[in-house]
Amino acid sequence: MERFDPEAALADCRHEFGEHGGVNMSIETSTTFTVLDPNTMPDLFTGQLGPDSGREGCYLYGRHFNPTVYVLGRQLAAIEGMPAGYCTASGLGAIAPVLMQLCEQGDHIVSASAVYGGTWALMHDFLPRKCGVTTSFVPVQDLAAVEAAFTSRTRVLYCETLSNPTLVVADLSKLADIAHRHGAMLVVDNTFSPLSITPSRFGADVVVHSLTKFVNGTSDFIAGAVTGSKEFVQSMMDVHTGALMLLGPTMDPRAAFEISMRLPHLGLRVAEHSRRAQCFAERLRDRGLKVVYPGLPEHPDHALIVSMLNGDDPARGGTYGFGGVMGIDLGDADRANLLLDELQNRQRFGWIAVSLGYFDTLMSLSAASTSSELGDDGLGEAGISPGYLRMSIGYTGSLEQRWGQLERALDASGL
Ligand SMILES: *Cc1c(COP(=O)(O)O)cnc(C)c1O
């Protein structure tokens, strides 16, 4: 397969200079825009005129397109190897409108059983009640079960490249084949693997992100993105039927600016998150702990993820490694909570908090937090035990300093 270099694609994106020639773009804060020729106003509403029409001065209103948010959308599209993109106020603010755009009342989704808790609740509880859109959850590794779950009304096959929190790797090429054979779209959440894996190369039709995590990287913005074809992104902005336009999960241009300023070092950050996670995963495994990390050769999907990584020498992690998130299965919640207490309150290895992709290490028990929406049955189907500790490995401090803290916490917890 042809090599894809997401950082080269980002650098090739048209550079936006500031309005006074600054090296940084200006922030366009206006919610509304002057229309120079009054005759063009109707064209803006029908979508004939707009930011992609190649004519300047084509903005209408900030819930439609904003120039600063649009720059970040183009940058995300470049990274994802997609023709178009736009940004939203949150990751779920991207996922929910995408599903509502693609499904009519009575339509059906096939989803991986291991997905982010909020996404699971959206599909399991919200969409059937509010929109009459139902979802079948299947283990994404079982391709026969995925195929068997399709009905004549299935419009979307949904998965995460690396599942939150179980780190199951989706075989995107095979899933895309199944979806396309049934006339459905493959929608992929690539939040856990920005830059390292590019789902569009394997046939994903729409790629969504929670920018809140690795892409922003400083846990100070909630944000999301949708990337896909030009027609699809435009359809989401249609003034009559566009789910982004009409549900209104609009990103603030100030947030777009800040996040855009952090994209140039996303590659450095992802590589360092991965380098440390790989090192800790190997050492924890050697200590006899049950570690889940796709960079370990014993991970069931190790060969699959190697086949999808960007960069040179994918067997050794390519350019960006196997990601910054790992899991440790400690069996029961009491043992895990004891370790968490040591890690945060005595060793200061990291913080007990949900979310991920932060510069410091963040740790949480998935069953008791970001996957609690799944309930006992859903947790069982997704393979999340009560003692499953998700760690998003940070890059602050030195690696050996952090390992020392982790080791002392393990010693103190009898692990
Ligand atoms: C956090 C997360 C989301 C939701 O994103 P928000 O920005 O919190 O709305 C969706 N998918 C995955 C994989 C996530 O980790």
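Predicted model: local features only at pLDDT ≥ 70, side-chain atom pairs only at ≥ 80, totals over all residues.
Residues are numbered from 1 along each chain as its sequence is written, and side-chain values use heavy atoms, with hydrogens and water left out.

Q: How far apart do the C-alpha centres of domain 1 and domain 2 lie?
A: The protein is divided into domain 1 (6-264) and domain 2 (266-412), with bounds that come from an automatic or database domain assignment. Their contact, meaning heavy atoms within 4.5 Å, takes 40 residues from domain 1 and 42 residues from domain 2. The C-alpha centres of the two domains are separated by 27 Å.

Q: How many salt bridges does the count between domain 1 and domain 2 give?
A: A salt bridge is a side-chain nitrogen of Lys or Arg within 4 Å of a carboxyl oxygen of Asp or Glu. A search of the whole structure finds 20 salt bridges. Between domain 1 and domain 2, however, the count is zero.

Q: Is R262 buried or exposed?
A: R262 is found in helix 10 (residues 253-262), where a helix is a DSSP run (H or I, at least four residues) and a strand is a run of E of at least two, both numbered from the N terminus. Leaving aside residues up to four places away in sequence, R262 touches several residues, including V215, F221 and R269. Buried means under 20% relative accessible area, exposed over 50% and partly exposed in between (1.4 Å probe, protein chains only). Because its relative accessible area is 13%, R262 is buried.

Q: Which side chain makes a polar contact with the side chain of R262 at 2.9 Å?
A: A polar contact is a pair of N or O atoms within 3.5 Å; within protein, one must be able to donate a hydrogen and the other to accept it, and residues adjacent in sequence count only if both atoms are side-chain atoms. For R262, the partner at 2.9 Å is the side chain of N216.

Q: How far apart in space are T151 and H108, C-alpha to C-alpha?
A: T151 is found in the loop between helix 6 (143-148) and strand 4 (154-160), and with a relative accessible area of 38% T151 is partly exposed. T151 and H108 are 43 residues apart in sequence, and their C-alpha distance in space is 7.4 Å.

Q: How many residues apart in sequence are the parts that E400 and R283 tie together?
A: Side chains of opposite charge can pair when their charged atoms come close. E400 forms a salt bridge with R283, and the closest N and O atoms are 2.9 Å apart. Because E400 lies in helix 15 (residues 399-412) and R283 in helix 11, the parts that this pair ties together are apart in sequence by 117 residues.
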